[in-house]
Amino acid sequence: MSTPPLRSNEPIVLVDGCTKNYSRGSETVSVLKSVHLEIARGDFVGLIGPSGSGKTTLLNLIAGLDQPTTGRVVINGVEISSLTEAQLALWRTNAIGFVFQFFNLIPVLTAFENVELPLLLLNMSRRRRREQVLNILELVGLGHRLTHRPGQLSGGEQQRVGIARALVTDPALVVADEPTGDLDSRKSQEILDLLQELQVRLNKTILIVTHDLAVAARVRRLLRISDGQLIDDTENPESVTHPLFGSLNVSNAARVKRAEAARS
Ligand SMILES: Nc1ncnc2c1ncn2[C@@H]1O[C@H](COP(=O)(O)OP(=O)(O)OP(=O)(O)O)[C@@H](O)[C@H]1O
Ligand SMILES: [Mg+2]
């Protein structure tokens, strides 16, 4: 699949008038209602909203795990909403890194083997695979845990393996659905530190779905979804992130807390 040349100011994510309906028996449920969203290259974006509001549905459209009922999804210049299943699967392997709430590691494989998995789908020499896996495990601070299996790692370490696996194919866009949902607050902050560091060092665009206000406070741009519609879009000028967007961060925790208080 050829990717058209991109202007650097072109958004890496474009969700253009997307709706998503599910049918339940004879009933049609409208889960996303005409969502328009653009995300700039190199940005660090959070998505919050109540349970059932459509966060995972929207993330899955952006990650090419699901197709919109109507509208277009264009990621890094590729209109993924018009790809076939087989094209989409190949595109996902190359273009998207996923980080999951429950890590989704394979218990019988070592940290090294778990991270190597996505590379097995690509045409790459064993030596190059090994190099890439070692590099990324080193970057996430697990160079000393290569042969440990998930059951022999802490929750935070398992999520580091999950992040390494998401990044090993060098995707432009990393999406994370509640990546700290299964971790305590100290571990959550460590995982956020790591994501932020990788975003800056490796020039990634990151989109994080979260319920955690401490996580929401650290992103550069915060989106809020309610009942299938984006209802709020705020920027945090002090946030840490890519040099394109600003310098090292304090946080907008106070602002998020005020907004929450005003709503409840
Ligand atoms: N495959 C499906 N079939 C029918 N309904 C679905 C399907 N997937 C999601 N839904 C419905 O769509 C709505 C939005 O679901 P979604 O998973 O996007 O919510 P969410 O914001 O991620 O919630 P949570 O915070 O609990 O993860 C829910 O009402 C859900 O029941
Ligand atoms: Mg969800």
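I looked up the largest pocket, and its volume is about 280 Å³. Pocket here means an open set of points on a 1 Å grid over the protein atoms alone, where a 1.4 Å probe fits, with protein on both sides within 12 Å along at least five of seven lines; lining residues have an atom within 4 Å of a point. The volume is the space filled by probe spheres set on the points, which are joined across faces, edges and corners. Of its 14 lining residues, R92, T93, I96, F98 and P118 are closest to the centre. Two or more lining residues come from each of α2 (85–95), β6 (96–99) and α5 (155–167). Helices are DSSP runs of H or I, at least four residues, and strands are runs of E, at least two, numbered from the N terminus.

**Ground rules**

This is a predicted model, so I note that local features need pLDDT of at least 70, side-chain atom pairs 80 or more, while totals for chains, interfaces and linings use all residues. Residues count from 1 along each chain as written, chains are lettered from A and ligands numbered from 1 in written order, and side-chain values use heavy atoms, without hydrogens and water.

**Whole chain**

I found 8 helices and 10 strands in the protein chain.

**Sheet**

I traced an open antiparallel sheet of 4 strands, β2-β1-β4-β5; strands pair if DSSP finds at least two bridges between them. β2 (27–39) and β5 (78–79) are the edges with a single partner strand each, so one side of each has no neighbour in the sheet. β1 (residues 13–24) pairs with β2 over 9 bridges, antiparallel, and K20 sits opposite L32 in β2.
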